[in-house]
Every structure is written in C-alpha cells, then in structure tokens.
Amino acid sequence: MTAIVAADHLSKWYGQVIGLNDVTVTVPAGITGLLGPNGAGKSTFMKLVTGQLKPSKGTITVLGEPIWGNPALYHRIGFCPEQDSFYERMTGLEWVTALVRLNGVADAAAAAMGARAIETVELTDAANKKIGAYSKGMRQRIKLAQALAHDPELLILDEPLAGMDPIARRRTIRLIKDWGRAGKSILVSSHILHEIESMTANILLINQGRILAEGNVHQIRELIDEHPHTVHIKADRTRALAREFLAHDDVLSLRLEEGAVVVQTGRPDAFYARLTDLAASGEHGTIHEVTSPDDNLQAVFQYLVKS
Amino acid sequence: MTPSLLASAVRVFDLSLGQMLWSRRSIFLGLLLGGPVVLALALRIISSLYGLPINGAQPEGATIFGMMVWLLYIRFIVPILGVFYGTALIADEVEDKTITYLFTRPIPRSAVLLGKYLAYLVCTVLLVLPSVMLVFFLIAPTGGSSVAAAFPSLLADFAMLIMGLASYGAVFALVGTRLKRPLVVGLVYAFGWEPAVLLFPGYLKRLTVMYYLQALVTHEMPQDSAVSMVLQLFREVPAIPTSLVSLAVIIAVTLWGAGRAVEQREYVLEQ
C-alpha cells in the first residue's frame with residue numbers, strides 16, 4: 001500500500017523537552033486516526049507532517065517528498081489546524097477565497113472554489129457573515145472549508161471536532177467519511193477514541209512522544225471501555241438535560257456547572273447517540289458545545305504503557 | 001505550479017492590507033499622527049493673531065513646514081511607524097496563531113514577509129499622507145508663503161517620507177525576524193543609536209538610515225542659533241544619488257535577510 005506519510009527515526013525536541021522520540025511509522029492511504037492524550041506528541045507530529053517544524057533527527061516524507069522547505073507540496077495538502085484563530089474581520093467566504101488565491105488560483109475561480117467548499121461544510125447561509133460572529137462549531141467548519149477548498153489529495157485535520165455541538169459533530173464525521181470514500185487520504189487527530197472510531201478503524205496510538213500501537217481499533221477500544229468517559233456539555237437548559245441523562249443507567253455520575261452539565265458515562269457510544277438525538281429534536285433546548293477532557297485517555301495510556 | 005515570489009507576495013498583500021489598516025495599532029498611530037495637525041492648527045491660529053517671529057524674524061510658512069516634516073515626521077513618526085509595524089510583520093501572525101494558514105500554502109515563506117511588508121508600506125503611507133497634507137495646507141500659507149510656490153517641495157517631502165517608511169520598515173522587519181525583544185531593540189536603534197551617532201564625526205553614521213535620509217531634505221533650516229551652528233560643523237550630508245542608492249541597498253539587503261530568517265526559522269505556536 002502507498003505510504004501517505006512516512007517517518008523514519010523521527011525525533012523532535014524543543015531545547016531539553018522531547019516532543020517526539022524516534023518515531024518510525026508509515027501512514028497508509030485512506031483515513032487514519034492519530035489518538036493520544038494532551039502532551040502526547042500529536043501536535044508535534046501534525047506540525048512535522050505539515051512542514052511547520054523541521055525534524056531534529058530522522059526524516060519525514062509526505063506523499064513521497066520531504067515537506068520542510070517544499071512549498072509546492074502544499075498544492076496536494078489541506079490542513080485544518082487545532083487553534084481557534086482567524087482573521088476575525090473577514091467574512092467566511094472572503095477568508096477562504098483569499099487563502100485559495102495563495103494557491104495561485106485566479107480570483108473568480110478562487111471565489112467559486114471557496115463558495116463550493118463552504119457549501120460542502122454547510123455554511124452557505126453564513127458565508128457573508130464576519131468570522132468574528134461565528135459560533136464555535138461554525139468556526140471549526142470554516143477551518144475545514146479552507147483545508148479542502150483547493151481539492152487536496154491529503155487532508156490533515158487536527159482535532160476537527162473540538163467544541164462542536166452534537167449535530168455539527170455528526171455532520172462533520174459524515175463529511176470526513178465521504179471524503180475518504182471519494183479517495184482522499186485523511187490524517188485526523190483526536191484525544192477521543194469514540195470520535196476516531198466513528199471515522200476509521202485504522203489508528204495510531206501516541207503517548208509521551210512515541211507511537212505505542214498502530215492498526216485496528218477494537219482491542220484498544222475494549223481497554224478504553226473499561227474506563228468511564230467524561231463529557232462536558234454546554235447547553236441552554238442544563239437541568240432538563242440532567243434529568244434526561246439520569247434516566248439512563250449508563251450515566252455513572254453527573255454534576256451541574258454554570259451553563260453546562262458534566263457527565264461520566266460507562267457506555268460512551270450509547271450516550272453520544274442519545275445526545276445527538278436530543279440535540280436534533282431540540283426537546284431540551286439548544287446544545288451548544290460538547291467537549292471531552294484529555295484525562296479520559298490518560299488512565300488507559302498508563303495501563304497500556306505498564307502492560 | 002508554485003506562484004512566483006512577487007505574485008505570492010501580492011496575494012499576501014491583498015489578504016493583509018485590510019487587517020493592518022483596521023488594526024488597533026493603526027488606530028493608535030493614526031491618533032499619534034493627529035498630533036502634528038493639532039500643532040499646525042495652533043501655529044496657524046497664533047500666526048494669524050500675533051505672527052510667528054523666530055529670533056525676531058518672521059519665517060516663511062514653507063520653512064516652518066520643512067522643519068515640521070524633518071523634526072516631527074522624519075525624526076520621530078517615521079521611525080516609530082517603522083518600529084511598531086516592521087518588527088510585528090510576522091510576529092503579529094505568530095501571536096494571533098494565523099501564521100499556520102499562510103505557511104501551509106504553496107508559496108515561499110519569504111513571500112509572506114514581502115507581502116506583509118508591502119501592506120505595511122501602503123498602510124503607513126495612507127496614515128501619514130493625510131496628516132502631512134493637512135499640516136501643509138495649515139502652515140504653508142503663513143509668513144507670506146503661497147501654497148502654489150511651496151507645492152513642489154511638498155511632493156519632494158512625500159517622496160522622502162515614503163523612502164523613510166520603506167527603509168525603516170525593512171530594517172525593523174529584519175530586527176523583528178532575527179532578534180528577541182525586537183521592539184526594544186528597534187526603539188533603542190531609532191531613538192538611541194541613530195541620534196547619538198549622527199552628532200559625531202566619523203563613519204558610524206553611515207550605519208544609520210537617517211544619515212541618508214537627511215540628504216533628501218529640500219528645505220533650508222534656520223541656522224542662526226548657536227547650537228545649530230555647532231551642529232552644522234559636524235553635519236556631513238551625502239549626495240542625493242548616493243543616498244538614494246544607499247537606501248535602496250539597505251531596503252534590499254535587510255528584506256533579503258528578513259526573508260531568509262523567515263524561510264529557515266521554526267515558529268512554535270503556544271497551545
């Protein structure tokens with residue numbers, strides 16, 4: 001199988017701090033999930049793959065070519081970064097169009113490509129609104145639009161679902177799977193197994209700057225299922241949501257915070273499915289944002305490293 | 001095919017100009033540029049009420065305007081603009097974490113710097129020129145001068161200001177991409193090193209932008225005070241062609257150096 005990304009004894013350190021430690025890995029075509037807790041080295045790996053950082057040691061090639069100092073390769077790559085940073089005063093369409101123009105596309109064509117990408121991420125109604133006025137989910141989707149607007153072969157998505165509401169999350173997962181089926185290769189990072197699992201069975205498990213495991217997700221999944229999963233939900237009617245959650249036995253504990261409800265569940269799949277249905281029905285008001293803290297994975301990784 | 005350096009820079013310029021024009025920095029420095037206008041308005045009122053005698057003589061409006069251009073704009077405002085914008089060309093994008101979007105496009109990284117430098121130049125020219133125009137129309141008609149007679153020197157002043165903005169912007173772009181604490185280094189260079197070195201004879205003054213800019217001053221300055229007479233003894237001004245070529249070389253070399261730094265440097269964004 002063709003390697004989309006190939007790292008050979010790849011290391012990256014920042015002064016005395018090791019970001020990535022002697023990683024040798026091959027990412028095949030298709031959708032691959034990069035899974036690891038906060039500080040595991042995911043972002044360092046993503047930055048090396050996207051040529052933002054130069055390897056301290058070893059080599060990395062993307063689509064068969066070295067990426068550092070090779071701007072022509074970005075014609076074939078689309079990158080959706082993790083950070084929530086934009087030119088806030090621009091509209092979504094202006095921003096995506098301006099970035100597509102940097103690919104050497106003529107003005108009219110860039111505008112058309114920008115509009116098409118925005119349509120793909122279902123943001124057409126907000127295309128002419130300033131990005132500063134976008135919700136968190138809309139901001140995530142406009143980042144995705146700029147990554148795919150120039151129709152790249154490889155999409156690199158760093159935590160693309162972070163902060164999305166359940167419906168946007170479901171739509172985005174569907175989009176990513178559609179792109180995969182359309183023949184694009186996608187490297188997607190997350191600290192939530194259930195997100196990754198809903199997109200692909202092929203994962204790279206990273207912790208403390210090393211790749212711990214790669215391949216099929218199911219064994220790791222079983223380990224993770226033994227640990228409770230925490231979900232932080234920002235919503236309008238948190239008390240009504242809490243009452244609804246407590247009616248189900250997969251909810252192990254629950255606490256209310258200002259404008260949010262924090263749930264620990266033993267069966268994340270069932271919980272997320274129910275949450276998405278609740279958001280879609282609007283029965284308990286609007287659900288604005290769903291996040292899951294990194295510490296969900298931490299215990300599992302500690303277990304994996306020990307075993 | 002990867003677009004050329006210049007074509008890429010023009011596209012980065014398009015993306016950056018609006019952001020730069022409406023930034024808080026531009027609003028703040030726009031207010032600073034209101035200072036000379038307020039001063040000119042005050043001088044105009046005083047002049048029309050009481051006259052403006054300097055050492056007993058009434059100087060022409062064009063002479064006062066020339067002094068204001070030199071002392072307020074060239075010696076103070078232009079270096080300030082150069083320091084604040086030039087050192088931040090890339091730093092702003094790094095701080096806002098938007099640099100990722102530019103560095104993951106098929107353009108040379110140096111095109112990002114060049115495009116932002118061009119945006120800086122247009123932005124600062126758009127800030128400075130209205131201020132200079134207002135000062136000119138307030139001051140030029142005083143002391144028996146006519147606006148029409150003084151107008152050619154206004155055009156020369158514009159050219160000098162643009163050259164100053166271009167030179168300082170490029171120098172501070174280099175400082176911003178190469179050094180830590182570029183703002184402090186820039187301010188020390190502009191308001192410590194340059195004024196100090198220019199006061200003394202020797203070759204060190206050739207390492208300043210101001211040395212070459214002063215050759216482009218078209219106005220006669222009043223020379224009848226003791227201090228100005230002493231300073232005049234040390235004032236060594238290069239020929240205009242030498243100055244223009246030197247400034248062009250400064251711009252080219254410093255921009256090249258800044259571009260190289262951006263190409264080679266890793267920008268680690270805080271998470």
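These legends describe close-up views of a predicted model. Residues are numbered from 1 along each chain as its sequence is written, with chains lettered from A and ligands numbered from 1 in the order in which they are written. In this predicted model, local features need pLDDT of at least 70 and side-chain atom pairs count only at pLDDT 80 or more, while totals for chains, interfaces and linings use all residues.

**View 1. An open sheet of four strands in chain A**. The strand order is β12-β13-β11-β14 (chain A), and the pairing is antiparallel. Strands (E, at least two residues) and helices (H or I, at least four) are DSSP runs, numbered from the N terminus. Two strands pair if DSSP finds at least two bridges between them. β12 (251-257) and β14 (287-291) of chain A each have a single partner strand, so one side of each lacks a neighbour in the sheet. Neighbouring strands are turned by 20 degrees against each other on average, direction ignored.

**View 2. The β12(A) and β13(A) pair**. Six bridges join β12(A) to β13 (residues 260-265) of chain A in the antiparallel sense. Leu256(A) stands opposite Val261(A) in β13(A).

**View 3. Helix α9 of chain A across the sheet strands**. Helix α9 (residues 268-281) lies across β11 (229-235), β13 and β14 of chain A. The helix runs at about 160 degrees to β14(A). Axes are lines fitted to C-alpha atoms, for helices over the stretch in contact, and angles run from 0 to 180 degrees between N-to-C directions.

**View 4. The contact between chain A and chain B**. Each chain gives 24 residues. Contact requires C-beta atoms, placed from the backbone, to lie within 7 Å. Helix α2 (residues 92-101) of chain A gives the most to its side, with three residues.

Key:
Two residues are in contact if their C-beta atoms, placed from the backbone, lie within 7 Å.
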